[in-house]
Amino acid sequence: MILARLILGLLSLAPMTGYELKKHFDSSINHFWNADKAQIYRTLAQLVKDGHATVTTVAQRNYPDRQEHHITDAGREALVEWLGGEVTAHTPREPFLARVFFAAELDRESVLELIRARREATQEVLDDYLSQREDIDMRAAADRRSFLMAATLDNGIRHAAAELEWLDAVTEYLP
């Protein structure tokens, strides 16, 4: 259901093809949600079936026709209802933490290698987020939408930075 609401949110910005939606997932909300192409197309089909989106075929010269999706009034209502709904704390499922939890089965050097690998991956994520953030000045955000989009990126940055700090502490104090 959340994926459907995220797609409706992106469609509320502008009509998009499935390909364009995937590009937006990868470039604008990947710091808090990701989806593969198959999930996006499957969810788009369900949104159309449910009446929350429509699809329009746009003819193109020298290219295949575009299947452009538009949010409907019912889709906008579903999005607004979800946005105004109950907010609950999220209990994450984190495969890496499951590995750490049981890592006492490994020798110390293997545990340290596990931590080093995660630190490297997390640093890459943080670097990517920081590069996205370079051109954004939240204090000068032109509108609430831009400000809130940047705020979610800041959340991702802070989470990645906190994880790096935690990984360093685990490395330092590992018996």
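Predicted model: local features only at pLDDT ≥ 70, side-chain atom pairs only at ≥ 80, totals over all residues.
Biologist: Where does Asn62 lie, and what is its phi?

Modeller: Asn62 belongs to the loop between strand 1 (53-58) and strand 2 (66-71). Its phi is positive, at about 65 degrees, although Asn62 is not a glycine. Strands (E, at least two residues) and helices (H or I, at least four) are DSSP runs, numbered from the N terminus.

Biologist: Why does Asp127 count as partly exposed?

Modeller: Asp127, found in helix 6 (residues 108-133), has a relative accessibility of 41%, and therefore counts as partly exposed.

Biologist: Why does Glu172 count as exposed?

Modeller: The relative accessibility of Glu172 is 56%, so the residue counts as exposed. Glu172 is placed in helix 7 (residues 144-173). Between Glu172 and Leu112, 60 residues apart in sequence, the C-alpha to C-alpha distance is 9.9 Å.

Biologist: Why are helix 1 and helix 3 called roughly perpendicular?

Modeller: Helix 1 (residues 2-13) and helix 3 (residues 37-49) pack at about 80 degrees, with axes 10 Å apart. Axes are lines fitted to C-alpha atoms, for helices over the stretch in contact, and angles run from 0 to 180 degrees between N-to-C directions. Angles under 35 degrees count as roughly parallel, over 145 as roughly antiparallel, 65 to 115 as roughly perpendicular and the rest as oblique. The two helices are therefore roughly perpendicular to each other.

Biologist: Which residues of helix 1 and helix 3 meet?

Modeller: With contact meaning heavy atoms within 4.5 Å, Leu3, Ala4, Ile7, Leu8 and Leu11 of helix 1 meet Gln39, Ile40, Thr43, Leu44 and Leu47 of helix 3.

Biologist: What makes the pair of Phe101 and Phe102 edge-to-face?

Modeller: The ring centres are 4.9 Å apart, with 80 degrees between the planes. Rings of Phe, Tyr and Trp (its six-membered ring) pair if their centres lie within 6.5 Å; planes under 30 degrees apart count as stacked, over 60 as edge-to-face and the rest as tilted. Phe101 and Phe102 thus form an edge-to-face pair. Both Phe101 and Phe102 are exposed.

How values were computed:
Residues numbered from 1 in each chain as written. Heavy atoms only, no water. Buried < 20%, exposed > 50% of the residue type's maximum accessible area, 1.4 Å probe, protein only.
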